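Have the picture open as you read.

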Amino acid sequence: MTTDQQYIKVENAEMVFETKKGRFHALREIDLSVAQGEFVTLIGHSGCGKSTLLNLIAGLLKATSGVLLCDKREIAAPGPERAVVFQNHSLLPWLSCAENVHLAVERVFGANESKAQLKARTQAALELVGMGHAVNKRPHEVSGGMKQRVGIARALAMEPKVLLMDEPFGALDALTRAHLQDELLKIVARTKSTVVMVTHDVDEAVLLSDRIVMMTNGPAATIGEILRVDLARPRNRVELAEDRNYVHCRKAVLDFLYTRQGHVEKAAA
Amino acid sequence: MVSAVFHSPLEASQDAAAARASNPPAAPVARPAPVPKAPRQPFDWRSLWLAVLPPVIGLALLVGIWGILTQNSTTFPTPKVTFEAAVKLFADPFYSNGPNDQGIGWNILFSLQRVAVGFGLAAAVGIPMGFMIGRFSFLNRMLNPLISLLRPVSPLAWLPIGLLVFKSANPAAIWTIFICSIWPMIINTAVGVQRVPEDYLNVARVLNLSEWKVITKILFPAVLPYMLTGVRLSVGTAWLVIVAAEMLTGGVGIGFWVWDEWNNLNVKHIIIAIFVIGIVGLLLEQLLVGIAKRFSYDD
């Protein structure tokens, strides 16, 4: 089976928000293809619409114009085949970790599988992210990193075609973040998921991605440049720190963000 | 609230845990035999002292001022006389000498029954209505002016309408409670629904949950704390209203009893009634605070 090079396809997408203060042109002329099994990150300064683009792919927002396809079908609404890991984990505080995951599992597999199978899936997903010990805890009883793991488990448990992550590690401390990034690399290597991830962390982008999509500053942001990261997997952050290719990629992203796209922020400040 | 870290999720507070321990058959989860507790810590007299002393001082101050002011009064009873009357009154709270002479216990129970019926009807109508108003902005815009218009109306203004429609005192009193206690429940439930975090609804959209699941797993638990606040306010209002309504409608009830004692110029009993009304209101409030605690969650 050949992998689909245009598994996710965004063609000439525009996004205009009608706000109380008038029209806000968030995104213009977005063209992007993501291959099956590819890991793509969206990076850019805050307010550049990278989350908006992710929400378009998720179906949570509807593009003002343009075409969005996933597996050759139009993206019209959100659905479990495009699982989202939210920035603030968005676990339901009145459900235990297992119940949070089970809610997703039940929705996707409930029609065809027995209760025991659903339970096994829930447990397996939590164990995949190293949360097998805390199934009966409620979200407020576990740390921020653990909540984010459960959020990832909830997304993975649905066996989605695409995993969409909106700054999943943004709220975590540096050590926890590094740890979860490594975990994510292992999980993605195992599940061969197609991932689109929003981040503002250059190291995270280079470490995780096959391609980095760099976005220009808003309003009316678009894709400025796409960088291919040719680093062998599995990747090791310690070894990569001195890898010439890694340093080169990192420099290219920094150059884009701070030399070419830095001026708007300066003007605004 | 007390953190539930050391309990299973169902036991949101230690109160609930204690209640369950005293009533094992009602426990929804099977639990292993009680584990022997850690050695008891020496009893914390200081915090008990701090919890009990200030309220006692406050009460003593009230009674003290009352006593000083009524020392030489011939019309207003002293605390001592009132207390003696209360002892006599509560010695036989459930006697019944015809419809106009019943024990204070009956009067309280009749009032509570009216409150329960009126409030129950208000909850049955108000909570679903609040959900609808919160969920559909068209309904919100349609009904908001009406609610704003009707909510500030004094309870007693509704009573003649009730008398006119029902042609009887008891349903009219219940109607008055219904119409006065419905607003906090509608408004709080609607606000709760509107304030359900967008993230939770996005989760529902991504998971593509059925409307039933959205209601039971997301909307209802998210709205519950707001709803219970509304219920609490409503019960408070209902208890305020019943006394006033009963004064006008008569029959058996604590409000009517106050009016009756005024006609008898029995001021001692009026003061006792004020305390009784206050205490019953306090207990109702505490009961609902307890329920609200049981169902609240930490984010």
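Let's start with helix α8 of chain A (residues 244-260): its 17 residues reach 23 Å from first C-alpha to last, close to the 24 Å expected at 1.5 Å a residue. That expected span is 1.5 Å times one less than the number of residues in the helix. This is a predicted model, so local features need pLDDT of at least 70 and side-chain atom pairs count only at pLDDT 80 or more, while totals for chains, interfaces and linings use all residues. Residues are numbered from 1 along each chain as its sequence is written, with chains lettered from A and ligands numbered from 1 in the order in which they are written. Helices (H or I, at least four residues) and strands (E, at least two) are DSSP runs, numbered from the N terminus.

Back in α8(A), the buried residues are Y246(A), C249(A), V253(A), F256(A) and L257(A). Buried here means 20 or more other C-beta atoms within 10 Å of the residue's own; 12 or fewer is exposed, in between is partly exposed, and C-beta atoms are placed from the backbone. The cover over those buried residues includes β3 (39-43), α6 (202-208), β9 (211-215), β10 (223-228) and α7 (237-240) of chain A.

Two residues elsewhere in chain A are worth a look. G145(A) sits in helix α4 of chain A (residues 144-157), and is partly exposed because 18 other C-beta atoms lie within 10 Å. Leaving aside neighbours within four places in sequence, G145(A) is in contact with L172(A), T176(A) and L180(A); contact means C-beta atoms, placed from the backbone, within 7 Å. H45(A) is in the loop between β3 and α1 (50-58) of chain A, and also counts as partly exposed, with 19 C-beta neighbours inside 10 Å. As for distances, the C-alpha atoms of G145(A) and G224(A), 79 residues apart along the chain, are separated by 32 Å.

Now for chain B, which has eleven helices and zero strands. Buried residues make up 29% of its 299 residues. Of the chain B contacts between residues at least 6 apart in sequence, 67% join residues at least 24 apart.

Helix α7 of chain B (residues 169-194) pairs up with α4(B) (residues 104-135) and with α9(B) (residues 211-249). Axes are lines fitted to C-alpha atoms, for helices over the stretch in contact, and angles run from 0 to 180 degrees between N-to-C directions.

| Helix pair | Axes come within | Crossing angle |
|---|---|---|
| α4(B) and α7(B) | 6 Å | roughly 30° |
| α7(B) and α9(B) | 7 Å | roughly 155° |

So α4(B) and α7(B) are roughly parallel (under 35 degrees), whereas α7(B) is roughly antiparallel (over 145) to α9(B). The contact of α7(B) with α9(B) divides into 20 nonpolar, ten polar and one charged residue. Ala, Val, Leu, Ile, Met, Phe, Trp, Tyr, Cys and Pro count as nonpolar, Asp, Glu, Lys and Arg as charged, and the others, Gly among them, as polar.

Finally, where do the chains meet? The contact takes 21 residues from chain A and 18 residues from chain B. On the chain A side, β6 (82-85) and α2 (97-109) each supply at least two residues, and α2(A) gives the most, with three. That side of chain A divides into twelve nonpolar, six polar and three charged residues.

Technical notes
Angles under 35 degrees count as roughly parallel, over 145 as roughly antiparallel, 65 to 115 as roughly perpendicular and the rest as oblique.
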